[in-house]
Amino acid sequence: LVRYIEAEGKPPVFAACTEEGQVVPLPQDGIQALIRQARSERVTPLEWVRKWMRTAPRLEASEEQLRLAVPLVAPEVWAAGVTYARSRDARNYEATGGKLDATTFYDKVYDAPRPELFLKSTAARTVGPEEEMLLRSDSNWQIPEPELGLVLDGDGAIVGYTAGNDLSCRDIEGENPLYLPQAKVWKRSCSLGPAIVLAESVEDPYRFELACRIYRGGALVSEGTASTGQLKRRFDELVAYLIRDNDTFDGNVLLTGTCIVPPNAFTLQNGDVVEIEIGGIGTLRNTMRSPTQNA
Ligand code: DO4
Ligand code: MG
């Protein structure tokens, strides 16, 4: 599922894409309306979409030719942390300045029954494919965090999967864990997209392959890969903690943590292009912009 921009100033069109790249506009304005409609007709979102696609006309353009918007307007984007050993180890380095001789709160949360969960973003702070993300002006150590995002309904059921960038400041988080909200949340610090794949069409969500590539002046400067098979936790475990005694909304997203961390000497710069690719979902591409620099 995608949302594409048909004309400037008009709301994006919600559409389904076939595996061959054909595009079928849907009558709803987004995934929340699809969830509601499928629920009222007692079918699953995938069943509803499949039935619609049997008779609905295809667009002349293919998916690659569309200008994509953020695939959903998520009321809230939450994020899980330290769900992969790689994230725990990188954070231990930040918090201890490389002196890895003591047990840290990152070691503890990695093993604890309760996961780390935090509010990462709101609809207004979240950007979509090809949009600019903002680098913080008071950080000298910023990295993308490529993560699988769970698209949830208001009951916490996993309706779909998307890709997300939990853009983060390693220096601010490393200075003091109480600074986490500032290391994670500012305007345009979260991106989602390019598409949502419906959960029912995914055979095994613990076999998503992720890749992250960072380009500077057109040259590849950092690259990494991972698989959701390396996760320490299960998705239903993360969601159970998120929805417990909480208000939850159709279309909330839960990012599931990062397993790809660039080398410690690396920091993002104005103009860097970050690509996050997840097999079956697509490539989420964003340019990084410093507040003091224009395009
Ligand atoms: O512990 C702080 C944040 C962790 C995080 O964002 C991650 O592991 O992806
Ligand atoms: Mg993260």
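Tutor: Helices (H or I, at least four residues) and strands (E, at least two) are DSSP runs, numbered from the N terminus. Two strands pair if DSSP finds at least two bridges between them. Residues are numbered from 1 along each chain as its sequence is written, while chains are lettered from A and ligands numbered from 1 in the order in which they are written. The model is predicted: local features need pLDDT of at least 70 and side-chain atom pairs count only at pLDDT 80 or more, but totals for chains, interfaces and linings use all residues.

Student: How many residues lie between S17 and S18 in their hairpin?
Tutor: S17 and S18 run antiparallel and are joined by 6 bridges. In the turn, Gly280 has a positive phi of about 90°. The number of residues between the two strands is 3.

Student: Which residue of S18 is the bridge partner of Glu277?
Tutor: S17 also pairs with S14 (209-216), again antiparallel and with 6 bridges. There, Glu277 is the bridge partner of Ala211. In S18, the bridge partner of Glu277 is Thr283.

Student: Which are the edge strands of the open sheet of 4 strands?
Tutor: The order is S3-S2-S1-S4, with antiparallel pairing. An edge strand here pairs on one side only. That picks out S3 (23-25) and S4 (68-69).

Student: Which residue in S2 stands opposite Val2?
Tutor: S1 (2-4) and S2 (13-17) run antiparallel and are joined by 3 bridges. Val2 stands opposite Ala15.

Student: Which elements give two or more residues to the shell around ligand 1?
Tutor: A residue counts for the shell if its C-beta atom, placed from the backbone, lies within 6 Å of the ligand. Around ligand 1 are Ala79, Gly81, Val82, Ser87, Arg91, Glu116, Glu145, Asp166, Leu180, Gly257 and Thr258. The elements are S5 (76-81) and H3 (85-96).

Student: How far apart are the centres of domain 1 and domain 2?
Tutor: The bounds come from an automatic or database domain assignment. They are 2-69 for domain 1 and 76-289 for domain 2. Taken over C-alpha atoms, the separation is 26 Å.

Student: Which element gives the most to the side of domain 1 that touches domain 2?
Tutor: Contact requires C-beta atoms, placed from the backbone, within 7 Å. By that rule, 10 residues of domain 1 are in contact with 14 of domain 2. H1 (31-40), H2 (45-55) and S4 each give two or more residues to the domain 1 side. With 3 residues, the top contributor is H1.

Student: Which residues touch the most other members of the largest nonpolar core?
Tutor: A nonpolar core is a set of buried Ala, Val, Leu, Ile, Met, Phe, Trp, Tyr and Cys residues joined through C-beta atoms within 7 Å. The largest has 66 residues. The residues asked for are Val151, Ile196 and Leu254.

Student: Is Arg42 buried or exposed?
Tutor: Arg42 lies in the loop between H1 and H2. Its phi is positive, about 55°, although it is not a glycine. Because Arg42 has 7 C-beta neighbours inside 10 Å, it counts as exposed.

Student: Which peptide bond is cis?
Tutor: Most peptide bonds are trans. The cis bond has omega near 0°. Pro194, in S13 (190-198), takes part. The bond runs from Gly193 to Pro194.

Student: What distance separates the C-alpha atoms of Val261 and Cys212?
Tutor: Val261 sits in the loop between S16 (253-255) and S17. It is buried because 25 other C-beta atoms lie within 10 Å. Beyond four places in sequence, Val261 touches Arg86, Ser87, Ala90 and Ile143. Cys212 is 49 residues away along the chain, and the C-alpha separation is 9.1 Å.

Definitions and conventions. Contact = placed C-beta atoms within 7 Å. Buried ≥ 20, exposed ≤ 12 C-beta atoms within 10 Å, placed from the backbone.
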